[in-house]
Amino acid sequence: MPSHLEIWRPSGRELISLGGERVTVGKSSTNLVSLDHDSTVSRVHAVLENLGFAWSIRDVGSRNGTYLNGEKISAERVLRSGDELRIGKSRLVFWQVKEADQTTTAEETVSVAPTQPPPHLTRRELEVLVVLCRPLVSGDPFPEAVSVRQMAQELFVTEAAIKQHLQNLYDKFGIAPEGERRVRLANEAIRRGAVTLAMLRDSGTDQT
């Protein structure tokens with residue numbers, strides 16, 4: 001199963017295929033994943049290891065740390081498709097796709113046919129997901145998750161209602177109670193096709 005890193009650079013999004021036994025990430029041009037545009041990244045910042053059945057990531061003593069789904073990691077962590085990494089100020093997303101997908105661009109990676117169909121969603125749950133996922137197409141190199149208050153204001157419901165919808169969505173998508181759950185939920189919703197880039201762009205246009 002091929003794996004890729006989707007990287008946000010000042011010039012736009014880029015897709016790098018992962019291969020071999022290990023891949024280093026850092027500011028130096030000698031890294032396979034070179035983030036030389038980001039002054040907050042260490043020369044060699046993190047290492048991805050090919051475990052055969054999956055990829056893992058570990059920080060190698062960087063000065064600003066490595067974050068997985070919003071949580072600073074202190075030990076090696078196994079990656080799952082849709083996991084979001086922050087290295088310095090750079091945002092990367094790990095994707096694992098089927099052999100037949102032949103993904104060639106970052107946008108196609110986000111839109112790739114899901115390995116699992118999305119769960120059944122109510123209309124309100126879908127609306128919550130669209131609002132939650134919209135920052136992913138905002139152009140911000142590392143968008144912040146939408147707050148519960150912001151979602152409540154946009155959808156004209158109470159914060160308690162939003163929290164209940166989010167809990168239902170965590171259960172339906174199997175989001176474990178660790179790290180930044182809203183970030184993981186947004187990535188999982190896109191990975192499994194519950195929310196498409198076209199839906200996000202259309203909803204963003206409606207807001208202007």
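This is a predicted model: local features need pLDDT of at least 70, side-chain atom pairs count only at pLDDT 80 or more; totals for chains, interfaces and linings use all residues.
Local features here need pLDDT of at least 70 and side-chain atom pairs count only at pLDDT 80 or more, whereas totals for chains, interfaces and linings use all residues. Residues are numbered from 1 along each chain as its sequence is written, and side-chain values use heavy atoms, with hydrogens and water left out.

**Exercise 1.** Work out the strand order of the open sheet of 5 strands and find its edge strands.

*Solution.* Begin with the terms: strands are DSSP runs of E with at least two residues, numbered from the N terminus, and two of them pair if DSSP finds at least two bridges between them. The order is then β4-β3-β5-β6-β9, with mixed pairing. The edges are β4 (33-34) and β9 (77-78), each of which pairs on one side only. Within this sheet, β5 (residues 46-50) and β6 (residues 55-59) run antiparallel over 5 bridges, and E49 has S56 in β6 as its bridge partner.

**Exercise 2.** Trace the pairing of β10 with β7 and with β11.

*Solution.* First, β7 (residues 66-68) is joined to β10 (residues 84-87) by 3 bridges in the antiparallel sense, with R86 in β10 as the bridge partner of Y67. Next, β10 and β11 (residues 90-96) are antiparallel and share 4 bridges, and E84 stands opposite V93 in β11. Finally, the hairpin of β10 and β11 has 2 residues between the strands, and G88 there takes a positive phi near 65°.

**Exercise 3.** Locate L51 and state whether this residue is buried, partly exposed or exposed.

*Solution.* L51 lies in the loop between β5 and β6. Its relative accessible area is 34%, so L51 is partly exposed, a class that lies between buried (under 20%) and exposed (over 50%), with a 1.4 Å probe and protein chains only.
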